[in-house]
Amino acid sequence: MKKSFNYILKGMLLVTVLAFSSCEIEEIVDPNNPSVGSAISNASFAEMQFLITGLESRHRSYFGNAAQMFGSFGREVWPYFASDPRFIGDWLDMGGDGTYSDFFGSGGTYATPYLAVKQANIVIQAAENSTKISAQQVSAAKGIAKTIKGYQLLWPLMQQWNNGIRIEVEDPLNPGPRVGIDNPTEALQAIQGVLNEGLSDLQAAGGTLGFKLSVGFSGFDTPAGFAQVNRAIAARVALYAKDYAGALNALNGSFIDLNVDATSTAKMQRGPAHVYGQPPDGENPLFQPFDRPTAAILICHPAWIEDALPNDARLNKVRQLVTNKITNSGLRNANGELLVGEYQDVRWSDNGADIPFIRNEELILIYAEAQLFSNNTTEAVRAINIVRNTWGVGNYDAAGKSQDDILEEILFQRRYSLWNEGGHRWIDLRRTGKLDAAHVDLRDQGHLILQVARPSTEINWDGN
Amino acid sequence: MKMHNLKWTFALAMSMFMSNALLAQFTVSGKVTDPLDLPLIGVSILVKGTSTGTVSDVDGSFSLEAPGESATLVFSYTGFKTFELDVTGSSGPQNVQMQEDIARLEEVVVTGLASGVKRSNSGNSVASVDAEMLSEQTNPQTLDNALYGKIAGVQMTANGGAPGGGINVQLRGISTLGAGSSQPLYIIDGVYADNSASRNFRSVVNSAGGGSSSNNQDDVASRISDLNPDEIERIEVLKGPSAAAIYGTRANAGVIIITTKRGQAGESKVSFSQDIGYAKGQNFIGFDDWNEQKVRNYFSGARLNTELAALRAAEAEGRITDWEDFFYGETPLLSNTSVSLSGGNQKTQFYASGGFQTEDGIIKNTGYDRYSFRVNLDHKIGNFITVKLNNNFIRTETQRGFTGNQNNTGGSIGYNIAYAPSYANFFPDENGIYPDNPYFGGNPIDIRDNGVNDYNVNRIITAGAVDIDLWSTANTFLKAKINGGVDLVSGESLVYFNEQMQYQKTRANPGDVVWGNSRNLNYNLQGFLVLNSTFGKFNSNTTVGAVRLDQDVNFLATRGQGLAAGQRNLAWANVVTVASQQEQRISDMGVVAQEDLNWDDKIIASVGIRFDKSTLNRDQQKYYAFPKASLAVNLHNFVETGFFDQLKLRGAYGETGGLPQFGFTFEPLNSTIIGGSIGGVVGTQGVDANLVPETAQEIEFGLDMTLLNGRVTLDATVYNKSVKDLILPLRPASSTGISTIQTNAADLENRGVEIGLGFVPVRTANFEWSNRLLWWRNRSEITRLIVPQFNTGGFGFALGTYAIAEGYSPTAIVGNPDNPSGPVRKTLYGDRQPDFQMSYATSIKFLKHFDFSALLHYQKGGAAINLSAYLWDDGGTTPGWDEDPDGDGTFKGQERINEAFGSGNTGVWIEPTDYLKLRELGLYYTVPSTVLNNTGLLKRLKLGVSANNILLSTNYSSYDPEVSNFGAQPLAGSVEVTPYPSSRRFFFHIKADF
């Protein structure tokens, strides 16, 4: 009896102990994704490739917001997006009260480009820490990363302008100071510095990049080719900084091609592009099938049609809606009548169409402007006419025109050549001091926005 | 080895029986009745100190053989005071009248993972809801829904009124700011139940994004709603850490312990119940009928002529429609059928049930069906081993349709009709073609008729428990208690918009479908040793043991776009993508020790500690300690006054934890595809290497009083629950590309009072009136915040959001304009948390056979962000939109929009949520047994009518002041965007026992 009891007792204790013999729990690692830590410790070539492809993906993400929001600020387009009245109310500043922290729908040209900057910084860090790739590959990776980083920094600066932006953002807990407060040129110079470093890296990268880029970079996918992209971006930055000699110098190293006419319009389009595709790839943010019953569509501003020169082939970028003209209760003229949206952007064949992010046509117009302010008016007018004749509007009559008149002409050509390519109109008018009602049609009763207020995380961090 | 032991067990058991049979014995018989002299069926009668016993039969009669010369019989029956009776061989037939335990002082409540005490000895405030309050007054929509107003200290908000529920439950205020589990831990018969809300990607298909937590705009039900309320015997709620400390690292948001029904020894009982009823939409806004003047007031320019023509056409065709009534005006049938069989003998008891609930919604093509089967078994092996087995299979099928938020897609009925004038034509033509909606992105009739948003769940919950008496003497026993269980939830979701729908036609790849499959498996095991010793007037109960929980989750959602006509199979999609794949594996391990001391029921003390580790922690192998202690002093047992049945002072302290969410300790690269290559992008989440779990500490004091023979009860509790090391996203400057680093950044404090008052003013054989009044309030405040103050939840400042700022409530609602001295430098408009809540339940038994009950619930204060009102104003549908009382030429509706956006006054959309609700009403008639006896078949027949949500009185200008677009999360609740309206529900009931 006593013995049997002992057996039971021992048996039951054993069961309990067995049940918990696995007191040790197995360490769980992320079963779903690789970790950043392993990528930056000593990346293999495959891991570097993986990060560079990721960089190209981050690089394209800003574009939709730049076209839609900056485009609305400069009245290139109207945002007929019914689901939220703030697209119209805030973007067109109907209340005249300007922007505010965390301005509606503005992350795409602030936080998003900084994600690309973050990715570029990780690529640079991973390349520097890697012993598994060659020194030339290290330089190639850094050259690609710094070029894209420089380009991406331009977007938050365009959005923030006089607020300045942070350039050094490697350490999330110790970000560098804002650069260019009330002096955007200072920030532009800092960006130029990043681009210049990228150029040096590319020049040290040998004859091939080693890494695969998407077809958006075809023709530019060697260190020398990528350096042309780097210089094209540098030319834009120099122009914005009013560094005309620098712009011309940069154009020299870029892929600018002045040998264009109406028979070779494709040359105008040449340039590196953001690529898109069917899901799971990203879709072209501007493509929408033509004339469908949608409640959300970006519409060409009627003034762009009305102000055009006769026979301008660039008007083919849009097409008049037939059955699905659109209105929005927030968008009315001075009489309170609804403004009808009539012209849709039809530049894109489908949702996988590439979007060039810097093109020869822009380089020609940068050339014109840089020559104008280098007091080479003739060369400036020659460049203007290359553009005008390509699109069938004939030569510009420069007789008796002042420098400012010719600048107006260049800005006019830019308005049509670069329409809806990320808000050039708004950026151009602001940098030339012409962002006013004389240059922007405000029939929508809205107001002009100079720049977007600083995001609250930035203010909070500085206040911390 | 095991076989060997088992043999010995049997041998031992047999020898015990043999020796018993040789002793002297005598027979006792009699009858058990209630205070009204009605027979009590199924009363357990045990010879004290033995396992010999019986149960009373259908007439209340019993007869048993007692050993020896004299014995003490113990009569026990749920809801009645335990009664002891000394008998000898010469005692004649015994008539025992048992007294109701009105104050439920003898109910055993949980104090440890392997121990419990009588309610009268508990050092904690205990809240429990029994079957009668839960599901027998009326038919609740879902289990969680059935708790509201019945427990002090609870705040609930629903996702909307859609069939199948979806409720956010907060016990004693906010216990996490989003990192830990915001919902209580649910334990069903010892099984850690899954209460996750798996995604279905509805919010991707209809773009219900924006807002600061787009993940949670899927409008899915939390899985606790799968349980069939009819099968539940009792729910016990451990509201704060002082009681919930025994559940350690997962108990910060409280614990809800659910016990299902079990068989009782005695005659087999077959019960059948049928509820049948209907629902009606509640509290409609009453959209305007549009006339020519209104059209002119809202439209202008070229559009005006189009609209006037449309108005005239609609008038000519008699097509003017009240869209609210059209869509929400269905009167759906609700039915709930349940059959159960229970019974058994002294050794084996069983309870088996099957239930079928089917409900359609007040919107066509929405509904909810639940099938539930359960078998619960209790068996005694010999005299030493008790085995309990529970098995439950559940299938639920939910069609929730499309309401709430959307973006551009038109994928929400409510959003569409906010912009729909009464003359709009959404009706399909003779070919079944739905016209495009010129006022918004989708045709709401098309969405209703052809949009699919289904969620089906197959679920198995199975539990087993073994109690083994290892050793016992007259004063001491040692037991082993082992139990464990599995909860397997398999969910299948389908969200589908066909290629003909208006928004789809505008897409490059029209037609959109997401198929989701989730499989959540929880399995847990615990083993305890319990040593109980009595020394004179002292009793000591010591428990030690270990617990383990594993969770394994697999989720896959696959999306197809560009669908062939009418097809939703992924094989017919032009583009197929993985919308999400998630794998989660989690292990928790804990060891527990607890000591309960009882001095003669006068002073009862309890101390315990639990050490837990979890793979969710940054340091996966580190144990965190969760202590607890409580003390109860029963003053009435010191001095016999005869006045107090009970007068108890109690105090308790406890600590619990809140684990970081899965993934918070990882810094992943995310996959991306561009130009045919796969790349890795750095995520926006950084990791804090020093992250520790959140811990809550609670101290509570209370007074429990019962007087006048249970006619008056009062319990009052004050508590202070502070949560330390709250995990919050540190938000670096967004220029760094890191948007969040989860870090221990804040402390918050919840202080509250809970008062319960019960009184039975009249109690006669023919009339009994009992009342229960609950009053509770909770105040929350963030007492420390080391990250910059920030806003969260909602849709940004312009539309109202929540501020996280030191010195403010975490549910403070803020908005424009700027206010330098306000939280996050914005204007403070209110607090989601109400000033107080109060509920009143009354029940009247009259004319012997009638029962009447009612439950009223009052909330004072609180605020919500009513974005439905904003959309109605924007669309011109608000009643009286074009009135102009101030004569300034701007219509009322437009004025509100202007004020919100022109003058930047967000307060326009933030409304107080005071309300008075008549939640439940029931009237039942129990057919007298004299009538039933003639049938010879029925033992009991009860008929009744009931209703819930009958009346709502509120100034809140939408359907229901307690609703949320963002589902079950601690902070972002109480933001509504054209939700599924709540409904009133009316039932007829038949309950019969055979």
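Two strands are said to pair if DSSP finds at least two bridges between them, and helices (H or I, at least four residues) and strands (E, at least two) are DSSP runs, numbered from the N terminus. The model is predicted, so that local features need pLDDT of at least 70 and side-chain atom pairs count only at pLDDT 80 or more, while totals for chains, interfaces and linings use all residues. Residues are numbered from 1 along each chain as its sequence is written, and chains are lettered from A and ligands numbered from 1 in the order in which they are written.

**View 1. Strands E29 and E33 of chain B.** Strand E29 (residues 644-658) of chain B runs antiparallel to strand E33 (residues 694-707) of chain B, and 14 bridges join the two. Within this pairing, B:Glu655 lies opposite B:Gln697 of E33(B).

**View 2. The hairpin of E33 and E34 in chain B.** E33(B) also pairs in the antiparallel sense with strand E34 (residues 712-730) of chain B, over 13 bridges, and B:Leu703 has B:Ala716 in E34(B) as its bridge partner. Four residues separate the two strands of this hairpin, and in the turn B:Leu708 has a positive phi of about 50°.

**View 3. Chain B as the setting of these strands.** Chain B contains 13 helices and 48 strands. Its C-alpha trace spans about 105 × 70 × 60 Å along the principal axes. Of the 994 residues of chain B, 54% are buried, a residue being buried if 20 or more other C-beta atoms, placed from the backbone, lie within 10 Å of its own.

Technical notes: Buried ≥ 20, exposed ≤ 12 C-beta atoms within 10 Å, placed from the backbone.
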